[in-house]
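Please examine the model shown below. The paragraphs that follow lead through selected parts of it.

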Amino acid sequence: MSTSNKTAIMQTLQQTPAIGIANLPFVQEKFIANYNACHKDKSGELMYHRQVVHFNQTISNSPELQKCDQFSLYACFVTAAVNGYSLDPQDNEVYLIPIKNKAYIWRQAGAHVKRLIRTGQIQYAEQAKLVYR
């Protein structure tokens, strides 16, 4: 990637409102390419459309995330693609957290279990059960 292309991308990100970042064509291409490069199922396009909905909903429901640096939001979105994280709050895998006007991904237990399964350290995991005598 040339320097002028990187500069153009950064300018485009900085000029785009937070809610529109995931909808930019180059962000879509990057998400799909990253997802397909890191996952055997090659369903990057499907995952993009699923994640963009949750990403935009999360940002639209958080005034703090709307104020975050656009590049940090972009980085969170494409990082989710590489790791196969679900941005759906119901999945309890990761959350987007604003800290000092930057967005960060906070992994939850579901993300850690997914990584253990993907790396072959475990085969599956179930919810913990309390057993009483």
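Is Ser 86 buried or exposed? Ser 86 has a relative accessible area of 4% and is therefore buried, where buried means under 20% relative accessible area, exposed means over 50%, and partly exposed lies in between, with a 1.4 Å probe and protein chains only. The model is predicted, so that local features need pLDDT of at least 70 and side-chain atom pairs count only at pLDDT 80 or more, while totals for chains, interfaces and linings use all residues. Residues are numbered from 1 along each chain as its sequence is written, and side-chain values use heavy atoms, with hydrogens and water left out.

Ser 86 is located in the loop that runs between α5 (70-83) and β1 (94-99). Helices (H or I, at least four residues) and strands (E, at least two) are DSSP runs, numbered from the N terminus. The side chain of Ser 86 forms a polar contact with that of Asp 91 at 2.5 Å; such a contact is a pair of N or O atoms within 3.5 Å, and within protein one must be able to donate a hydrogen and the other to accept it, with residues adjacent in sequence counting only if both atoms are side-chain atoms. Residues up to four places away in sequence aside, Ser 86 touches Arg 50, Gln 51, Asp 91, Glu 93 and Val 94, contact meaning heavy atoms within 4.5 Å.

Helix α3 covers residues 44-60. Its 17 residues reach 24 Å from the first C-alpha to the last, close to the expected 24 Å at 1.5 Å a residue, the expected span being 1.5 Å times one less than the number of residues. Among the buried residues of α3 are Tyr 48, Gln 51 and Phe 55. The buried residues of this helix pack against α2 (25-38), α4 (63-66), α5 and β1.

The structure holds 6 aromatic pairs. Rings of Phe, Tyr and Trp (its six-membered ring) pair if their centres lie within 6.5 Å; planes under 30 degrees apart count as stacked, over 60 as edge-to-face and the rest as tilted. The rings of Phe 55 and Phe 77 are a tilted pair, because their centres are 4.8 Å apart and their planes stand at 50°. Since Phe 55 belongs to helix α3 and Phe 77 to helix α5, the pair ties together parts that are 22 residues apart in sequence. Phe 55 is buried at a relative accessible area of 0%, and Phe 77 counts as buried at 0% relative accessibility. Ring pairs link Phe 31, Tyr 48, Phe 55 and Phe 77 into a cluster.
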